[in-house]
Amino acid sequence: MRTYTKEECENWIKGYGRDLAALQQRENCITAWYPPNPADIDFLWIARTFSFNESVLLWITEWGIWPSSENWHLYYKLRQSYGDRGLLHEAPGHLFQNFETDDLASFLQVAATNGWGGYVLPASPYPPKAFFSHDEYIDFFDEVAGSLNEVKEHFSHLLAPPATFSADSGRQRITQDGTSLTPAELRPNSNKN
């Protein structure tokens, strides 16, 4: 694993012919909601599916939102195991090679349990991409219709919003662009792909 600054992440994305604004649209999307314990998500399956024998960028874009959930010590000890003593805000990107799928799964699990958000972006255009949110959901997306069938099947048990979110009409989620959404507005048809 090697770490990237925000600018290096943007350059990596552009180098693979992608546009950050397009990544934020996520039109062909399936949303999987976190279970009560985010550590129960099959992060190893995500890492193996997304690596597709190429590198994968884990770009953490959200942190500090749920401070009581953050285990900075664990994150930095994991990062230091690679000889990297940098800080998250200095280098929020983590580039994993195709043989580092277990490492990607570990970093992704730590990020999710810390209440962070960000992107999982494979170098290859074929596997899906993902945005995981501090608001406890993962958007799996791809430009190709029907390419999310395997994701939909694997995470079928997590496709409905949690009852606590659905039942509380006053509860809101904040999207990455700052838009506030109520449960009724939050992509009600996103899982029909």
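1. The largest cavity holds about 30 Å³ of space. A search of the whole structure finds 1 cavity of 30 Å³ or more. A cavity is a set of points, on a 1 Å grid over the protein atoms alone, where a 1.4 Å probe fits but cannot get out; its volume is the space filled by probe spheres set on the points. Strands E6 (129-132) and E7 (137-141) are the elements that give two or more residues to the lining of this cavity; a strand is a DSSP run (E) of at least two residues, numbered from the N terminus.

2. This is a predicted model, in which local features need pLDDT of at least 70 and side-chain atom pairs count only at pLDDT 80 or more, while totals for chains, interfaces and linings use all residues. Residues are numbered from 1 along each chain as its sequence is written, and side-chain values use heavy atoms, with hydrogens and water left out.

3. Which residues line the largest cavity? They are Ile-46, Leu-108, Val-120, Ala-130, Phe-132, Ile-138 and Phe-140. By class, this lining has 7 nonpolar, no polar and no charged residues.

4. The second largest pocket has a volume of about 170 Å³; a pocket is an open set of points with protein on both sides within 12 Å along at least five of seven lines, and lining residues have an atom within 4 Å of a point. Its lining divides into 3 nonpolar, 2 polar and 6 charged residues. Helix H2 (residues 20-25) gives the largest share, 3 residues; a helix is a DSSP run (H or I) of at least four residues. Among the lining residues are Arg-18, Asp-19, Phe-141 and Asp-142.

5. Ser-81 lies in the loop between helix H4 (72-80) and strand E4 (93-96). Ser-81 counts as exposed, at 54% relative accessibility; exposed means over 50%, buried under 20% and partly exposed in between, with a 1.4 Å probe and protein chains only. A polar atom of the Ser-81 side chain lies 2.5 Å from the backbone oxygen of Leu-78.

6. The whole structure has 15 aromatic pairs, that is, rings of Phe, Tyr and Trp (its six-membered ring) with centres within 6.5 Å; planes under 30 degrees apart count as stacked, over 60 as edge-to-face and the rest as tilted. Tyr-82 and Phe-107 form a tilted pair, 5.8 Å centre to centre with 55 degrees between the planes. Tyr-82 lies in the loop between H4 and E4 and Phe-107 in helix H5 (residues 101-113), so the pair ties together parts that are 25 residues apart in sequence. Tyr-82 is partly exposed at 27%, whereas Phe-107 is buried at 1%.

Technical notes:
Ala, Val, Leu, Ile, Met, Phe, Trp, Tyr, Cys and Pro count as nonpolar, Asp, Glu, Lys and Arg as charged, and the others, Gly among them, as polar. A polar contact is a pair of N or O atoms within 3.5 Å; within protein, one must be able to donate a hydrogen and the other to accept it, and residues adjacent in sequence count only if both atoms are side-chain atoms.
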